[in-house]
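I opened this notebook to record what I looked up in one model. The entries follow the order in which I consulted the strands, the pocket and the aromatic rings.

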Amino acid sequence: LSDELATLGGRVVNQFPFESAIINKRNLAATVAAAFGRVAWLQTTYDLESQLAAFIGDYQRRAEDSKDNFWIIKAPNLARSMDMVVTDNLDVAIRLLESGPRIAQKYISRPLTLRGKKIDLRYVAVVRSLAPLEVFLYKVFWIRTANNPYNLDPRSLYEYETHFTVMNYGRKLEQVSMEQFIERFEEEHAPENLKWNDVYVKIREMVKELFVAVAVAAPKMGEAGTYARAVYGLDVMIEAETYQPKLLEVTFSPDCNRACKYHPHFYNDLFSCLFLREDSSANVDRII
């Protein structure tokens, strides 16, 4: 891709070169670690091919200290919760390596719930340039919810509809609008005087740090100059009690079917920002 950019003239492509630095889950953790070390918005992550000993050591220390020891094992290149396993069993985690590369990531055992069910949020990042950084966040987000009440009973760990939220591919899908979610969130947290915007400020900062990490640790992504644009899906979970946003993964060219269905102006907003350099839409928030 980078070799072709010089021949584009005034045309642009919808992809940055070397973007595997963030869309591959193993590389995402490495990119963030290279730039900042440990960050609050990304769970502890081990590449089980190159960091297996470190993972086993961490697991055993947590076991000795009687700490929560739930982990989610993921394939680095798959999306939609495919081939993910939640476990507190070290043997299971190690055996999963036999079917291909895996990362082990500390499971968010106390996620924010909605009516007792686990949720995560899909945000869309709009990247107009990486050198210099021009990054925007689409302020309208989508709520994805599990179908079963959340619990950590070991017998529930293999129940997809308890621990995962991607239901729009052949499963029962509960639609919750952004407006409904914010209203319920603020009702539930009224005693703490917590507003959704307090959480959104943390999400903005997380997205900013993510793309600063790209500029610092994966500068080749910025070699496209003005020839590339991209839209990335950001899957975000909120930790209960601390309300710390956690980045789960970054997806290239995300499925935007629901976005178009419920917000017909979605692509107008995005394309106006990406290609016409119009930043005036109320739904597009400049991060950097």
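Entry 1, strand β4. I found Ile103 and Gln105 pointing one way from β4 and Ala104 and Lys106 the other way, and all are buried. Buried here means under 20% relative accessible area, exposed over 50% and partly exposed in between, with a 1.4 Å probe and protein chains only. I note that in a regular strand the side chains alternate between the two faces of the sheet. Strands are DSSP runs of E with at least two residues, helices are runs of H or I with at least four, and both are numbered from the N terminus.

Basis of the entries. The model is predicted, so local features need pLDDT of at least 70 and side-chain atom pairs count only at pLDDT 80 or more, while totals for chains, interfaces and linings use all residues. Residues are numbered from 1 along each chain as its sequence is written, and side-chain values use heavy atoms, with hydrogens and water left out.

Entry 2, partners of β4. I looked up the pairing of strands, which requires that DSSP find at least two bridges between them. Strand β1 (residues 45-47) runs antiparallel to β4 and is joined to it by three bridges, with Tyr46 opposite Ala104. β2 is also antiparallel to β4, with four bridges. Across that pairing, Ile73 has Ala104 as its bridge partner, and Ile72 has Gln105.

Entry 3, strand β2. I recorded that both faces of β2 are covered: Trp71 and Ile73 on one side and Ile72 and Lys74 on the other are all buried. β2 also pairs with strand β3 (residues 85-87), antiparallel and over three bridges. In that pairing Trp71 stands opposite Thr87.

I used a 1 Å grid over the protein atoms alone; a pocket is an open set of points with protein on both sides within 12 Å along at least five of seven lines, and lining residues have an atom within 4 Å of a point. The largest pocket holds about 670 Å³ of space, the volume being that filled by probe spheres set on the points, which are joined across faces, edges and corners. Its lining has 41 residues, of which Arg80, Arg122, Arg144, Val166 and Asp235 lie nearest the centre. Among the elements that give two or more residues to this lining are β2 (71-74), β4 (103-106) and α8 (257-262). α8 gives the most, with five residues. By class I read 19 nonpolar, 10 polar and 12 charged residues in the lining.

I took rings of Phe, Tyr and Trp (its six-membered ring) as paired if their centres lie within 6.5 Å, with planes under 30 degrees apart as stacked, over 60 as edge-to-face and the rest as tilted. The count comes to 20 aromatic pairs. Phe185 and Trp196 are edge-to-face, at 5.2 Å centre to centre and 85° between the planes. Phe185 lies in helix α6 (residues 178-188) and Trp196 in helix α7 (residues 196-217), so the pair ties together parts 11 residues apart in sequence. Phe185 is buried at 3% relative accessible area, and Trp196 is buried at 5%. One aromatic cluster comprises Tyr123, Phe141, Phe181, Phe185, Trp196, Tyr200 and Tyr243.

Note on methods. 1 Å grid on protein atoms, 1.4 Å probe; cavity = no way out; pocket = protein on both sides within 12 Å on 5 of 7 lines; lining within 4 Å. Nonpolar A, V, L, I, M, F, W, Y, C, P; charged D, E, K, R; others polar.
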